[in-house]
Amino acid sequence: MTKDVLISISGLQYDIDENETVEVVTPGKYYFKNNKHYLLYDEYLDESSNEVTKNKMIISNDQISIIKTGATSAQMQFEPGKECISYYNTPMGQLEVAFATSKVNTTYESDLIDININYGLSINRSHISDCNITMQVTPSKI
């Protein structure tokens, strides 16, 4: 895998009334160190905003950590069979979030990292939805 990558993220929240999908494609940086894969990428609050959140993703075996700093901040841990409780800081205030991970699948190829995470999301101790995140990391064409 090259250092410059393109990261495609698709998130789906399942709830009673409707399913909400969010899709993002962003450039990022990739590196491999101490048997862990690292992805660094920026996320913006909206298309017209200059407020950025820096994301650092650490992938090892069937465990994924995402550390967000900036406009929003949080530490998110996804490990099958475990629930991670964290605080998600947003411009509107702080939320207690919990991620109850049921599945983490990662596939590594020379020019592709494919990630799939299934988890339950709770906010302030109330179950909000079941979620799925799919990510594909490929070499940047630039």
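Helices (H or I, at least four residues) and strands (E, at least two) are DSSP runs, numbered from the N terminus. This is a predicted model, in which local features need pLDDT of at least 70 and side-chain atom pairs count only at pLDDT 80 or more, while totals for chains, interfaces and linings use all residues. Residues are numbered from 1 along each chain as its sequence is written, and side-chain values use heavy atoms, with hydrogens and water left out.

View 1. The chain has 10 strands and zero helices, and its C-alpha atoms fill a box of roughly 40 × 35 × 30 Å along the principal axes. The radius of gyration, taken over C-alpha atoms, is compared with a globule rule of 2.2 Å times the number of residues to the power 0.38; a compact globule of 142 residues would have a value near 14 Å, and the 15 Å of the chain agrees with this.

**View 2. Strands 3, 4 and 5, where strand 4 is joined to strand 3 and to strand 5.** Two strands pair if DSSP finds at least two bridges between them. Strand 3 and strand 4 run antiparallel and are joined by eight bridges; His37 has Ile59 of strand 4 as its bridge partner. Strand 4 and strand 5 also run antiparallel, with eight bridges, and here Lys56 has Ile67 of strand 5 as its bridge partner. Two residues lie between strand 4 and strand 5 in their hairpin, and Asn61 in the turn has a positive phi of about 50°.

**View 3. The largest nonpolar core, a set of 26 residues.** A nonpolar core is a set of buried Ala, Val, Leu, Ile, Met, Phe, Trp, Tyr and Cys residues joined through side-chain atoms within 4.5 Å. Leu39, Met57, Ile64 and Phe78 have the most contacts inside this core, and strand 9 supplies its largest share, five residues. Contact means heavy atoms within 4.5 Å; not counting residues up to four places away in sequence, Met57 touches several residues, among them Leu39, Ile64, Ile115 and Met135.

**View 4. Thr101, a residue of strand 8 (residues 93–109).** Thr101 is buried, with a relative accessible area of 4%. The side chain of Thr101 reaches the backbone nitrogen of Glu79 at 3.5 Å. Leaving out residues up to four places away in sequence, the residues that Thr101 touches include Phe78, Glu79, Pro80, Ile117 and Tyr119.

**View 5. Ser122, a residue of strand 9 (residues 112–123).** Ser122 has a relative accessible area of 15% and therefore counts as buried. Apart from its neighbours within four places in sequence, Ser122 is in contact with Glu96, Val97, Ala98, His127 and Ile128.

**View 6. Phe32, a residue of strand 2 (residues 19–33).** Phe32 is partly exposed, with a relative accessible area of 45%. Although 31 residues separate Phe32 from Met1 in sequence, the two lie 9.2 Å apart in space, C-alpha to C-alpha.

Key. Buried < 20%, exposed > 50% of the residue type's maximum accessible area, 1.4 Å probe, protein only. Polar contact = N/O pair within 3.5 Å; in protein donor to acceptor, adjacent residues only side chain to side chain.
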